[in-house]
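Thanks for coming. I have one chain to go through today, and I will take it a piece at a time.

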Amino acid sequence: MQHRTSEVKEGAAQSELVVPATWLASIFDLYEIKDCALLKIDCEGAEYEILENLPPVYFQRIYAIRLEIHRRSDGRTPQDLFRFIESQGFAVEK
């Protein structure tokens, strides 16, 4: 549905493609990332789940985050995600 990785509505797709996925924390662990100068996220709506499911200890390894953010049909707003990111010790600039 419009290149979205989340919020696919029932009946929206004519075909289905299963794509393997992983957690951001798993990538940090697999590649032994101790310091991340810049985390860029452009994931067509899944930014909420990616960041909200990242354990706090991983945020301490990240210096800066740049992301494209989308409104959600579930009522969550970019401001909700901004507040969450701030709660992890980041200053949000728009």
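Is arginine 72 buried or exposed? Arginine 72 is buried, at a relative accessible area of 11%. I will come back to that residue, but a word on the source comes before the rest. What you see is a predicted model, and every value I quote is computed from it.

Now the overall layout. The protein chain has four helices and two strands, and their order along the sequence is α-β-α-α-β-α. The chain has 94 residues, of which 31% count as buried. If you take the contacts with a separation of 6 or more, 66% of them are between residues 24 or more positions apart.

Side chains of opposite charge can pair when their charged atoms come close. The count for this model is six salt bridges. One of them is between glutamate 49 and arginine 72, where the closest N and O atoms are 3.0 Å apart. Glutamate 49 is in helix H2 and arginine 72 is in the loop between strand E2 (65-67) and H4, so this pair ties together parts that are 23 residues apart in sequence. Glutamate 49 is partly exposed, with a relative accessible area of 26%.

Glutamate 49 also meets arginine 76 in a salt bridge, at 3.3 Å from N to O. Arginine 76 lies in the loop between E2 and H4, so here the tie to helix H2 is across 27 residues in sequence. At 22% relative accessibility, arginine 76 counts as partly exposed.

Which glutamate forms a salt bridge with arginine 76 at 2.5 Å? That is glutamate 52, and the distance is between the closest N and O atoms. This pair also links distant parts of the chain, with glutamate 52 in helix H2 and arginine 76 in the loop between E2 and H4, 24 residues apart. Glutamate 52 is partly exposed, with a relative accessible area of 31%. Through shared partners, salt bridges join Glu49, Glu52, Arg72, Asp74 and Arg76 into one network.

Staying in helix H2, look at glutamate 47. Glutamate 47 is buried, with a relative accessible area of 0%. What lies 3.0 Å from a polar atom of its side chain? The backbone nitrogen of glycine 45 does. Leaving aside neighbours within four places in sequence, glutamate 47 is in contact with Ile41, Leu67, Glu68, Ile69, His70 and Leu81.

Next, the rings. The structure holds three aromatic pairs. Phenylalanine 28 and tyrosine 58 make an edge-to-face pair, 5.8 Å centre to centre with 75 degrees between the planes. Phenylalanine 28 is in helix H1 and tyrosine 58 is in helix H3 (residues 56-59), so the pair ties together parts that are 30 residues apart in sequence. Phenylalanine 28 is buried at a relative accessible area of 2%, and tyrosine 58 is buried at 9%.

For phenylalanine 59 and phenylalanine 90, the ring centres are 6.1 Å apart and the planes are at 70 degrees, so this pair is edge-to-face. Phenylalanine 59 is in helix H3 and phenylalanine 90 is in the segment after helix H4 (78-87), 31 residues apart. Both phenylalanine 59 and phenylalanine 90 are buried. Ring pairs link Phe59, Phe84 and Phe90 into a cluster.

On the surface, Ile27, Leu30 and Tyr31 form a nonpolar patch, with about 340 Å² of accessible area together. Isoleucine 27 is in helix H1 and counts as partly exposed, at 32% relative accessibility. Not counting residues up to four places away in sequence, isoleucine 27 touches Thr22 and Ile33.

Last, two backbone points. Glutamate 32 has a phi near 50 degrees, which is positive in a residue other than glycine. Its place is in the loop between helix H1 (24-30) and strand E1 (39-41), and glutamate 32 is exposed, with a relative accessible area of 60%. Glutamate 44 has a positive phi of about 50 degrees, and is not a glycine either. Glutamate 44 lies in the loop between E1 and helix H2 (47-52), and is partly exposed at a relative accessible area of 24%.

Note on methods:
Residues numbered from 1 in each chain as written. Predicted model: local features only at pLDDT ≥ 70, side-chain atom pairs only at ≥ 80, totals over all residues. Heavy atoms only, no water. Buried < 20%, exposed > 50% of the residue type's maximum accessible area, 1.4 Å probe, protein only. Contact = heavy atoms within 4.5 Å. Polar contact = N/O pair within 3.5 Å; in protein donor to acceptor, adjacent residues only side chain to side chain. Patch = residues over 30% accessible without salt bridge, like charges linked within 9 Å, V, L, I, M, F, W, Y side chains within 5 Å. Areas by Shrake-Rupley, 256 points an atom, 1.4 Å probe, with all protein chains shown as cover. Salt bridge = Lys/Arg side-chain N within 4 Å of Asp/Glu carboxyl O. Phe/Tyr/Trp six-rings, centres within 6.5 Å; stacked < 30°, edge-to-face > 60°.
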